[in-house]
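Hi everyone, thanks for coming. I'd like to walk you through a structure that may be new to you, so please have a look at the screen.

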Amino acid sequence: MGTTQSPRSDTRERIINVALELFSEQGYEQTSLREIADRLGVTKAALYYHFKTKDDIVHGIVDTMSAPIDEAIAWGEQKPWSPELRDELVRRFGAGMSERAPLLRFFHENQPAMRDSPAGLEFKERMIAMIRLVHGPGATFEDRLRATMSLFTINSAMFLLKHGATEGPEGPAGGATAGPAAGAAAEGHGGACGEAKAEALTESLSAALTVALEIAALIEPKDA
């Protein structure tokens, strides 16, 4: 018999989702707990019951949204390095981030605030662990760099979408095909642009995974 989500965990999830929206829309520093509570339709006291500070909320965001990375790390640590393992780690990372595009956008939009924050440092530790698994033992500096570039290629898709730096049949982002879709995906416009947003995001992350695997394919540590 299945279990249902408790009201407390459901409220916590709603707070995380709403905070992530606001942080992405207007920035971490510019968003107050009052604004989060107002959008949720609850009092600040109700918000405090789950999270005392914005940093606590960010920890909740990172822990919730980084689950695929933790799962990939736990899986990879149990296996010897091989080209097959390398590629599967990149695929798992790409799939997890594709499902959690708001997290990528959040970190991209709030890099200064997140760089030295506890949550930001925790996320960096996760990324370092993933990079080490991808490049394997005995890796040269070049291979360590390739592993880093491979994983960050997935993140770079959000940068390109944000700035409309994609190309379609009619040329760069200023063209009629890619520009509107990329802009909608980056800025979160709704309405008629919703389908274009989802399509642009899916296509961009798929392309990023292809490039990430191409870079990773060059990694072959001597001691593996």
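Let me begin with a term we'll need: a salt bridge is a side-chain nitrogen of Lys or Arg within 4 Å of a carboxyl oxygen of Asp or Glu. A word on where this comes from: this is a predicted model, where local features need pLDDT of at least 70, side-chain atom pairs count only at pLDDT 80 or more, and totals for chains, interfaces and linings use all residues. Residues are numbered from 1 along each chain as its sequence is written, and side-chain values use heavy atoms, with hydrogens and water left out.

Now, the overall picture. The chain has twelve helices and zero strands. Helices here are DSSP runs of H or I with at least four residues, strands are runs of E with at least two, and both are numbered from the N terminus. Of the 224 residues in the chain, 42% are buried. Buried means under 20% relative accessible area, exposed means over 50%, and partly exposed lies in between, using a 1.4 Å probe and protein chains only.

Back to salt bridges. How many does the structure hold? There are nine. Let's start with Glu88 and Arg91, whose side chains meet with N and O 3.9 Å apart. Both sit in helix α6 (residues 83-99), and because they are three residues apart there, about one helical turn separates them. Glu88 has a relative accessible area of 26%, so it is partly exposed. Arg91, at 39%, is partly exposed too.

Glu21 meets Arg39 at 3.5 Å, N to O. That pair joins distant parts of the chain, with Glu21 in helix α1 (residues 7-26) and Arg39 in helix α2 (residues 33-40), 18 residues apart. Glu25 also bridges to Arg39, and the closest N and O atoms are 3.2 Å apart. Here again α1 and α2 are connected, with Glu25 and Arg39 14 residues apart. Arg39 is partly exposed at 41%, and Glu25 is partly exposed at 48%.

Let's turn to how helices pack. Two packed helices are described by the angle between their axes and the distance between the axes. The axes are lines fitted to C-alpha atoms, for helices over the stretch in contact, and angles run from 0 to 180 degrees between N-to-C directions. Take helix α4 (residues 54-65) and helix α9 (residues 118-135): their axes come within 9 Å and cross at roughly 20 degrees. So α4 is roughly parallel to α9. The cut-offs are under 35 degrees for roughly parallel, over 145 for roughly antiparallel, 65 to 115 for roughly perpendicular, and oblique for the rest.

Helix α4 also packs against helix α7 (residues 101-109), at about 135 degrees and with the axes 10 Å apart. These two are therefore oblique to each other.

Finally, please look at the surface. Phe141, Leu145 and Met149 form a nonpolar patch there, with about 310 Å² of accessible area together. Patch residues have over 30% relative accessible area and no salt bridge; like charges are joined within 9 Å, and nonpolar side chains (Val, Leu, Ile, Met, Phe, Trp, Tyr) within 5 Å. The areas come from the Shrake-Rupley method with a 1.4 Å probe, and for residues only the protein chains shown count as cover. Phe141 lies in helix α10 (residues 141-162), and its 55% relative accessibility is why Phe141 counts as exposed.
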